[in-house]
Amino acid sequence: MTSWTYSRELPVSEPVDVLVAGAGPAGIAAAVAAARRGARTTLVERFGFLGGNLTAGLVGPCMTSYSLDGSRQLIRGVFEEFVQRMEALGGAIHPSKTQAGDPYAGFITYGHDKVTPFEPETAKSVAMEMCLDAGVTLLLHTFIADVISEDGRVNGVVCASKSGLHVQPAQIFVDCTADGDVAARGGADTVFGREGDGLVQPMTVFFRISDVDDERVEQYVRSHPDDIRPFASIVEKARAQGRFPAPRRGVGMYKTLRSGVWRINTTRVLGRDGTNAQDLTSAEIEGRRQVDELMRFFRENLPGFERCELLDTASTVGVRETRRVVGDYVLSLEDLQEGRHFDDVIALCAYPVDIHDPAGAGGGVDDSFGTANYYEIPYRCLLPSEVENLLVAGRCVSATHEALAAIRVMPPSFAMGEAAGTAAALACADNLTLRQLPVPDLQHALVDQGGYLGEVLRP
Ligand SMILES: Cc1cc2nc3c(=O)[nH]c(=O)nc-3n(C[C@H](O)[C@H](O)[C@H](O)COP(=O)(O)OP(=O)(O)OC[C@H]3O[C@@H](n4cnc5c(N)ncnc54)[C@H](O)[C@@H]3O)c2cc1C
């Protein structure tokens, strides 16, 4: 590719204390937490609504926020408030009321106790109201295209929108773009994909279908306990005959709050880079073609789906994995297996390793990795090693491919975002760098806000 150099003077907005990039689960929690602690906080999001995969990706349910044995709620704080506010509007079921193996959990048992089913429209509205109530300034329809940094500090992000380009300076930046866009452009070290071959988990276009015969589906699935995923034997037979349109071994399907409506997590697009616009374009094309073909397949082959209709497709293909920022600590599979304690713990989680095969039809959550009943995420995973005034939270944090495959789901992303936003606000208030911030102050603040960091730091 050839290159052109061009220069232009850009308008610079009033500096803020905390700039949160990306309004998915991590960004929502980061912005709410920072603003509630008094930081002047701006949340920049490329879409016209909040939620990231919660909404634009049609992803759901929220995976477990409890320990693996289902006995203890680990992820509370902003996530718990978000769920309660959605539930009060009739748009969610609290995780304490769902159980492993039920239709809300996609009939999956391992790692699927106490998921949170929710309506994406309720999520949009509650996320927006929580941000506005907290005093967050929203900047929607705005893409962060570049970063201005110097000597290991980010000075400002370059925002592109209908208004043109402008620079937004801040004291502290929180990268919740899932792809580490700010960190990568701001000079942080990043790694991409699986160690060794760089392959990433496949992408998926989620869709919802209506007019499903819930009872018939449940009856069929319950009477075929040997299927590793719903309808696996029908799918396997069709795959052998070249009639199944996606590289999958079964149907990923989750009952929603509305009767006859299910979320379908079954398309699979392999070998694409979610930080490359051409790859994203071809993934949208392939994923959407699979949706149409799956609809036909479902109607013709799956008991209970004979009269089903396509309700909607996600606004964007769902990207499971791209860059991971290299931080002061890299969370590993062994940390998750041993439930290793970190003095700078900022979140407890339990969702197991869930790797969709980067090269084929296999993978998904199972017990083969043997993760502990719960494990810890340390503050250092949020601190990119090369940049001083930047935190990362959500899917782009510092972890190995395997560890990320567990902590990437939405409740841990909320928890990491809340920790990052709280750290940013505390550091701003006391004029400290993020590494000077006393970690016990951060931990106590998280617990005061309703978080849970284990028995030692019990409220
Ligand atoms: C197909 C699929 C299925 C999944 N299934 C589940 C599931 O069932 N349950 C579960 O709990 N988790 C699931 N996950 C995982 C989960 O959805 C994500 O890992 C989680 O949403 C990560 O949260 P996040 O806030 O880091 O990122 P995201 O949710 O991706 O949010 C990132 C936000 O940043 C914005 N953004 C990105 N770049 C820029 C930029 N440069 N400028 C401005 N804005 C930007 C995006 O528009 C988006 O709003 C699934 C993921 C995928 C892809």
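## Burial and the model

Buried means under 20% relative accessible area. The model discussed here is predicted. Phe107 has 13% relative accessibility, so this residue counts as buried. Phe107 sits in the loop between H2 and helix H3 (120–134).

Most residues other than glycine have a negative phi, and most peptide bonds are trans. Several places in this model depart from that pattern. Phe107 has a positive phi, near 65 degrees. Phe231 is not a glycine either, and its phi is positive at about 65 degrees. Phe231 lies in the loop between helix H5 (214–222) and helix H6 (232–240). At 1% relative accessibility, Phe231 is buried.

Pro61 belongs to the loop between E2 and helix H2 (77–88). Pro61 is also among the residues that come nearest to the ligand.

## The ligand and its shell

There are 35 residues around the ligand. Glu45, Arg46, Pro61, Asp181 and Arg408 come nearest. By type, the shell holds 17 nonpolar, twelve polar and six charged residues.

For Arg46, an N or O atom of the side chain is 2.7 Å from a ligand oxygen. Arg395 uses the backbone: one of its backbone N or O atoms lies 2.9 Å from an oxygen atom of the ligand. Arg408 also uses the backbone, with a polar atom 2.4 Å from a ligand oxygen. On its own, the ligand has 990 Å² of accessible area, and the protein covers 97% of this. Helix H1 (25–36), strand E4 (143–150) and H10 each give two or more residues to the shell.

## Helix H10

H10 gives the most to the shell around the ligand, with three residues. The helix runs over residues 410–429. H10 is mostly covered, with 19 of its 20 residues buried.

Its length checks out. At 1.5 Å a residue, the 20 residues should span 28 Å, and the end C-alpha atoms are 28 Å apart, so the two values agree.

Thr42 is in strand E2 (residues 41–44). Its relative accessibility is 6%, so Thr42 counts as buried. Beyond its neighbours within four places in sequence, Thr42 is in contact with Val16, Val18, Leu19, Val20, Thr137 and Leu139.

Phe173 lies in strand E6 (residues 164–175). This residue is buried too, at 1% relative accessibility. Leaving aside neighbours within four places in sequence, its contacts include Leu19, Val154, Gln168 and Leu390. Asn155 is another of these contacts. Phe173 and Asn155 are 18 residues apart in sequence, and their C-alpha atoms are 9.1 Å apart. Gly327 is found in a loop, between strand E12 (323–325) and helix H8 (333–338). With 9% relative accessibility, Gly327 counts as buried. Its contacts, apart from neighbours within four places in sequence, are Arg380, Leu383, Pro384, Ser385 and Ser398. The C-alpha atoms of Gly327 and Ala429 are separated by 24 Å, and the two residues are 102 residues apart along the chain.

How values were computed: Residues numbered from 1 in each chain as written. Predicted model: local features only at pLDDT ≥ 70, side-chain atom pairs only at ≥ 80, totals over all residues. Heavy atoms only, no water. Helix = DSSP H or I, 4+ residues; strand = E, 2+ residues; numbered from the N terminus. Expected span 1.5 Å × (residues − 1). Buried < 20%, exposed > 50% of the residue type's maximum accessible area, 1.4 Å probe, protein only. Near = heavy atom within 4 Å. Polar contact = N/O pair within 3.5 Å; in protein donor to acceptor, adjacent residues only side chain to side chain. Areas by Shrake-Rupley, 256 points an atom, 1.4 Å probe, with all protein chains shown as cover. Nonpolar A, V, L, I, M, F, W, Y, C, P; charged D, E, K, R; others polar. Contact = heavy atoms within 4.5 Å.
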